[in-house]
Amino acid sequence: MQATLEDFFKALRGSDLEISLNAQVDAARAVELVGWSDRILLKSALGTTLAKTTTDRALYDEAFDRFFRFSSFQHMAAQGSLAQPALEPDATPGSGAMAAQDLPDPARDDQAATGSGGPAGGRALSQLLLSGDSAALAKRMQEAAREVGLTDIWFFTQKGYYTQKIQQAMGLELLDREISDAKRQTLVPERAKDLEQARKKLFEEVRNFVERKLALFGTAPTRQLHDDFLQSQKLSNIEKRDFARMHVIVSKIAKRLAERHARRKKKRVRGQLDFRKTLRKNAAYDGVMFETFWRSRVVGRPRVVAICDVSGSVRQYARFLLLFLHSLGEQVSDLRSFAFTNHLVEVSDTFESLPVEQAVDKVMQAVGGSGTDYGQTLLDIEEQLLDDIDRRTTVLILGDARNNRGEAHAEVMKMLYHRARRVIWLNPEPASFWGLGDSEMKRYASYCHIARECNSIAHLERTLDALLHSHSASV
């Protein structure tokens with residue numbers, strides 16, 4: 001039972017459904033209560049413990065139906081009187097409701113296959129194939145798959161390897177010897193022909209089984225490899241076809257950051273133990289501290305002004321920074337967003353009225369200009385924003401600081417530096433490029449509390465993690 005559940009958890013993770021350790025424990029207890037005999041009851045019980053939202057439930061239902069499906073060796077039903085096919089934990093049943101025998105108890109894996117007349121492990125593979133015992137064949141194939149570690153399959157190039165290994169674990173070597181012996185015998189010529197035909201069908205069934213397992217278990221590792229690659233890539237090199245996946249990655253990271261800093265903030269809000277008040281209140285208990293009192297402290301959330309260059313050279317970076325910031329939710333109490341090429345435009349209302357992904361697309365399309373002008377943008381900041389910036393405000397600027405030889409107006413940066421709590425500049429270019437050509441980055445960096453290279457999702461995550469952490473730590 002435990003091995004089957006662990007395989008199912010792998011399948012759920014492969015379907016992008018995160019399963020916590022507590023949920024896995026609850027699922028195991030649910031199976032102990034309801035058993036494996038009633039498919040609908042099992043599906044409902046596991047779904048209650050593993051799927052927490054409507055979206056999760058849809059993913060769970062699909063994964064359950066794909067994982068628990070019996071379809072192997074059913075073509076052999078025409079070859080003889082067969083037992084009910086065993087449920088193959090890997091894909092979907094054709095019908096929703098199933099009788100009790102449709103879900104075999106994994107605890108009985110070492111016992112006789114239903115209706116086979118003897119233990120599946122004690123019968124030769126040739127006997128199972130020629131008798132058409134689909135239940136015993138499916139059971140033996142599942143056991144062989146677990147023996148060779150099929151749930152670790154990652155790539156399509158491994159299909160041939162696992163197909164061969166499973167056949168060998170099922171008894172292929174003995175079957176091949178029986179075929180050779182049958183060819184040398186002249187009394188029963190049909191036996192060699194029947195065995196060869198059965199061997200071909202065995203190969204087809206095992207290969208199809210492996211392909212289904214690859215689709216079930218290979219998706220998550222290969223997707224994770226691709227996700228790791230996307231997170232380390234320069235954002236300017238991300239292709240449009242990967243935008244949807246990048247949005248999913250950013251949302252997951254933002255959620256993880258938000259949860260992490262929510263826990264940190266909860267610990268800091270509690271403050272230090274108030275010994276005097278605690279001892280005074282527990283005097284009636286001879287000093288035993290049944291009740292504790294803490295010196296509470298207020299931990300605020302960062303107030304952020306995000307200013308993003310959305311010109312052609314850096315618009316991809318701005319896309320994902322804005323997506324990141326607006327996915328952090330309550331961890332940023334007051335977030336104002338601005339975009340510019342040669343004039344500053346506030347886009348906060350766009351993010352309030354549209355889902356974050358749609359808002360990012362709209363901003364990218366709406367804000368533009370003929371050429372980047374950081375000097376004019378800084379003058380706009382002085383006119384529109386400077387009075388609203390105080391010691392609680394973090395100014396986060398994203399851009400390459402390439403000003404097309406225009407006036408830099410670094411004096412505005414100096415004013416920002418003295419008024420804001422922090423000025424953070426994220427530049428997609430390597431630090432070795434700063435100050436070269438029309439770059440004003442070295443002049444601007446003098447008036448930044450933090451100026452760093454930032455051109456990947458991994459960079460953005462570290463920067464925003466540090467922003468949230470340093471704010472709550474210094475309150």
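**Exercise 1. In which order do the six strands of the open sheet stand, and which are the edge strands?**

Solution. Step 1: the six strands of this open sheet follow the order β5-β4-β3-β6-β7-β8, with mixed pairing. Strands here are DSSP runs of E with at least two residues, helices are runs of H or I with at least four residues, and both are numbered from the N terminus. Two strands pair if DSSP finds at least two bridges between them.

Step 1: look for strands that pair on one side only; these edge strands are β5 (344-346) and β8 (450-453).

Step 2: on average, neighbouring strands of the sheet are turned by 20 degrees against each other, direction ignored.

A word on the model before you go on: it is predicted, so local features need pLDDT of at least 70 and side-chain atom pairs count only at pLDDT 80 or more, while totals for chains, interfaces and linings use all residues. Residues are numbered from 1 along each chain as its sequence is written, and side-chain values use heavy atoms, with hydrogens and water left out.

**Exercise 2. Work out how α1 and α2 are placed relative to each other.**

Solution. Step 1: two packed helices are described by the angle and the distance between their axes. For helix α1 (residues 2-14) and helix α2 (residues 21-34), the angle is about 130 degrees and the axes are 11 Å apart.

Step 1: angles under 35 degrees count as roughly parallel, over 145 as roughly antiparallel, 65 to 115 as roughly perpendicular and the rest as oblique. Therefore α1 and α2 are oblique to each other.

Step 2: Leu5, Phe9 and Arg13 in α1 meet Gln24, Ala27, Ala28 and Val31 in α2. The residues of this contact divide into five nonpolar, one polar and one charged. Ala, Val, Leu, Ile, Met, Phe, Trp, Tyr, Cys and Pro count as nonpolar, Asp, Glu, Lys and Arg as charged, and the others, Gly among them, as polar.

**Exercise 3. Are alanine 401 and asparagine 404 buried or partly exposed?**

Solution. Step 1: alanine 401 lies in the loop between β6 and α17, and asparagine 404 lies in the loop between β6 and α17 too.

Step 1: buried means under 20% relative accessible area, exposed over 50%, and partly exposed in between (1.4 Å probe, protein chains only). Alanine 401 has 0% relative accessibility, so this residue counts as buried. Asparagine 404, with a relative accessible area of 48%, is partly exposed.

Step 2: most residues other than glycine have a negative phi. Phi of alanine 401, however, has a positive value near 65 degrees, and phi of asparagine 404 has a positive value near 55 degrees.

Key: Axes are lines fitted to C-alpha atoms, for helices over the stretch in contact, and angles run from 0 to 180 degrees between N-to-C directions. Contact means heavy atoms within 4.5 Å.
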